[in-house]
Amino acid sequence: TLFPSTTLFRSSSTTQSFTHIDAPRHVYKDGITNDQISLDRLIGDAAVIDLMHKRPNDVITAADLEEAGGHVRAGDITIIRTGWTERGPWGTERFWREMIYLAEDGGEWLDKKDVKAIAVDFLPDLPQFYIDDDDQMRPTDLDHPTHMRLMKKGLVFVEWCTNLTAIKQPRVKFYCLPLRLVGTDGAPARVIAIEEE
């Protein structure tokens with residue numbers, strides 16, 4: 001299971017708030033921490049996988065990624081966009097209640113492609129919540145196989161990206177600059193994509 005994110009900065013946020021990175025320490029006690037991540041893992045060529053057609057509560061499978069991600073190369077940063085952080089929108093109950101998420105075989109597909117980081121605007125793993133008989137959101141007891149699988153190899157997750165829908169090209173230069181918080185499982189980050197003419 002994921003370790004709780006209790007590291008606070010300036011008493012106003014956590015390492016997992018808003019657009020942020022997950023370092024391997026997020027799921028492995030002996031995983032590298034935020035400040036130990038080399039920037040070359042977070043900067044470089046990126047392939048945009050466009051899944052804007054996905055609807056609320058949809059799952060993203062390996063077949064979806066294979067169909068839309070033929071241009072992904074080994075060593076890429078992979079940007080998977082659904083527009084969910086805008087459509088949800090962020091901060092609402094609907095955002096969590098109807099979350100788009102990644103199937104376990106989707107994580108296996110990313111592993112086989114040997115990407116160095118993934119950037120997403122949806123949940124890059126199995127659902128964290130379910131709706132009970134009283135229409136209340138409850139936490140699931142599902143594990144986090146994609147986090148566990150990819151972070152074991154040192155891969156970094158860039159989560160809750162916004163405005164990915166503005167990207168027009170299938171390949172871009174990607175820059176993710178997290179706060180250098182020492183010893184943490186992640187950090188808020190500034191993320192930009194540059195389209196080359």
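Colleague: What should I know before reading the model?

Modeller: The model is predicted: local features need pLDDT of at least 70, side-chain atom pairs count only at pLDDT 80 or more, and totals for chains, interfaces and linings use all residues. Residues are numbered from 1 along each chain as its sequence is written, and side-chain values use heavy atoms, leaving out hydrogens and water.

Colleague: How many helices and strands are there in the chain?

Modeller: Both are DSSP runs, numbered from the N terminus: helices are H or I of at least four residues, strands are E of at least two. Here the chain has five helices and 13 strands. Its radius of gyration is 16 Å, close to the 16 Å from the globule rule for 197 residues, so the chain is as compact as a globular protein of that length. That radius is taken over C-alpha atoms, and the rule is 2.2 Å times the number of residues to the power 0.38.

Colleague: How much of the chain is buried?

Modeller: Buried means under 20% relative accessible area, exposed over 50%, and partly exposed in between, with a 1.4 Å probe and protein chains only. By that rule, 46% of the 197 residues count as buried.

Colleague: How many aromatic pairs does a search of the whole structure find?

Modeller: Rings of Phe, Tyr and Trp (its six-membered ring) pair if their centres lie within 6.5 Å; planes under 30 degrees apart are stacked, over 60 edge-to-face, and the rest tilted. The search finds eight pairs. One is W84 with F95, stacked at 6.3 Å centre to centre and 20° between the planes. W84 lies in helix α2 (residues 84-87) and F95 in helix α3 (residues 93-97), so the pair ties together parts 11 residues apart in sequence.

Colleague: And W90 with F95: how is that pair arranged?

Modeller: Edge-to-face, with 5.1 Å between centres and 70° between planes. F95 is buried, at 0% relative accessible area. W90 is partly exposed, at 32%. Ring pairs link F18, W84, W90, F95, W96 and W160 into a cluster.

Colleague: Which residues of helix α4 are buried?

Modeller: In α4 (residues 104-113) they are G106, G107, W109, L110 and D111.

Colleague: What do they pack against?

Modeller: Look for contacts, meaning heavy atoms within 4.5 Å. The buried residues of α4 pack against several elements, including β4 (43-50), α1 (62-68) and α5 (145-151). Just after α4, D114 takes a positive phi of about 60°.
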